[in-house]
Amino acid sequence: FTLDEYANRKYKYDKKIYIVEPSALIYNQDKYYLRAYSPENEQMRNYRVDRMTEVQMMDCDVSKNAMISADELTEYTNSVFGMYSGKSENIVLKFKDSLLDVIYDRFGEDANVSRFNENTCMVFAKVQVSGMFFGWLMQFPDKVQIISPECLIKEYQEWKNKEFIE
């Protein structure tokens with residue numbers, strides 16, 4: 001469910017029941033998320049645990065589609081921003097040295113970082129492109145820059161130029 005302006009619950013899809021195969025429980029930004037495989041949609045999905053009601057366990061086998069390794073889970077959590085999934089994209093960011101800790105915190109200590117020049121580095125990473133990712137970039141307007149892919153540079157510029165819709 002989501003919440004309306006009065007904090008009333010608004011159930012999605014007429015309170016439809018979701019049957020999913022659990023893969024992992026993820027703690028991110030003070031919230032727990034269930035990462036699960038949805039056989040109906042044939043894809044992995046995230047569900048905020050505190051926004052779930054009437055949860056029931058079923059005695060069913062879990063398919064191989066729901067199985068993920070610890071390495072896959074780490075790669076996923078390092079690529080997603082605020083647990084908002086998006087299209088997966090290999091990117092290159094150029095950033096000031098002062099953000100090295102931020103970059104390692106975001107992408108993991110095994111992130112592919114290399115020196116660009118005396119004061120600047122680059123990181124090669126896979127991210128889930130979403131508004132949350134762009135919002136993360138906006139925290140560092142003069143310290144981080146998308147280098148590639150070109151289509152993502154354009155998408156980010158368009159996102160920044162959007163006007164508030166009434």
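Here is a short briefing, from the overall build down to single residues.

This is a predicted model, in which local features need pLDDT of at least 70 and side-chain atom pairs count only at pLDDT 80 or more, while totals for chains, interfaces and linings use all residues. Residues are numbered from 1 along each chain as its sequence is written, and side-chain values use heavy atoms, with hydrogens and water left out.

**Overall build**

- The protein has four helices and nine strands; helices (H or I, at least four residues) and strands (E, at least two) are DSSP runs, numbered from the N terminus.
- Starting at the N terminus, the elements go β-β-β-β-β-α-β-α-β-β-α-β-α.
- Along the principal axes, the C-alpha atoms fill a box of roughly 60 × 45 × 30 Å.
- Of the 166 residues, 31% count as buried, where buried means under 20% relative accessible area, exposed means over 50%, and partly exposed lies in between (1.4 Å probe, protein chains only).
- The accessible surface is about 11,600 Å², and 48% of it belongs to carbon and sulfur atoms; these areas come from the Shrake-Rupley method with a 1.4 Å probe, and for residues only the protein chains shown count as cover.
- Among contacts (heavy atoms within 4.5 Å) with a separation of 6 or more, 56% are between residues 24 or more positions apart.

**Where two helices meet**

- Helix H3 (residues 131-138) and H4 have axes that come within 11 Å and cross at roughly 80°; axes are lines fitted to C-alpha atoms, for helices over the stretch in contact, and angles run from 0 to 180 degrees between N-to-C directions.
- That makes H3 and H4 roughly perpendicular to each other, since angles of 65 to 115 degrees get that label, while under 35 counts as roughly parallel, over 145 as roughly antiparallel and the rest as oblique.
- On the H3 side, the contact takes in Gly 131, Phe 133, Phe 134, Gly 135, Leu 137 and Met 138, and they meet Leu 152, Glu 155, Tyr 156, Trp 159 and Lys 160 in H4.
- The residues of this H3–H4 contact divide into seven nonpolar, two polar and two charged; Ala, Val, Leu, Ile, Met, Phe, Trp, Tyr, Cys and Pro count as nonpolar, Asp, Glu, Lys and Arg as charged, and the others, Gly among them, as polar.

**Gln 128, tucked into a strand**

- Gln 128 sits in strand S8 (residues 120-129) and is buried, because its relative accessible area is 10%.
- Its side chain reaches the backbone nitrogen of Gly 86 at 3.4 Å.
- Leaving out residues up to four places away in sequence, Gln 128 touches a set of residues including Tyr 76, Phe 81, Tyr 84, Gly 86, Lys 87 and Phe 133.

- Arg 9 belongs to strand S2 and counts as partly exposed, at 48% relative accessibility.
- Arg 9 and Arg 51 are 42 residues apart in sequence, yet their C-alpha atoms are 9.0 Å apart in space.
- Not counting residues up to four places away in sequence, Arg 9 touches Phe 1, Thr 2, Leu 3 and Thr 53.

**Backbone spots to look up**

- The peptide bond from Ser 148 to Pro 149 is cis, with omega near 5°, and Pro 149 lies in the loop between strand S9 (144-148) and helix H4 (150-160).
- Tyr 13, a residue other than glycine, has a positive phi near 50°; you'll find Tyr 13 in the loop between strand S2 (9-10) and strand S3 (21-28), exposed at 61% relative accessible area.
- Glu 54 also has a positive phi, near 50°, in the loop between strand S5 (43-48) and helix H1 (70-79), and Glu 54 is exposed with a relative accessible area of 61%.

Key:
Polar contact = N/O pair within 3.5 Å; in protein donor to acceptor, adjacent residues only side chain to side chain.
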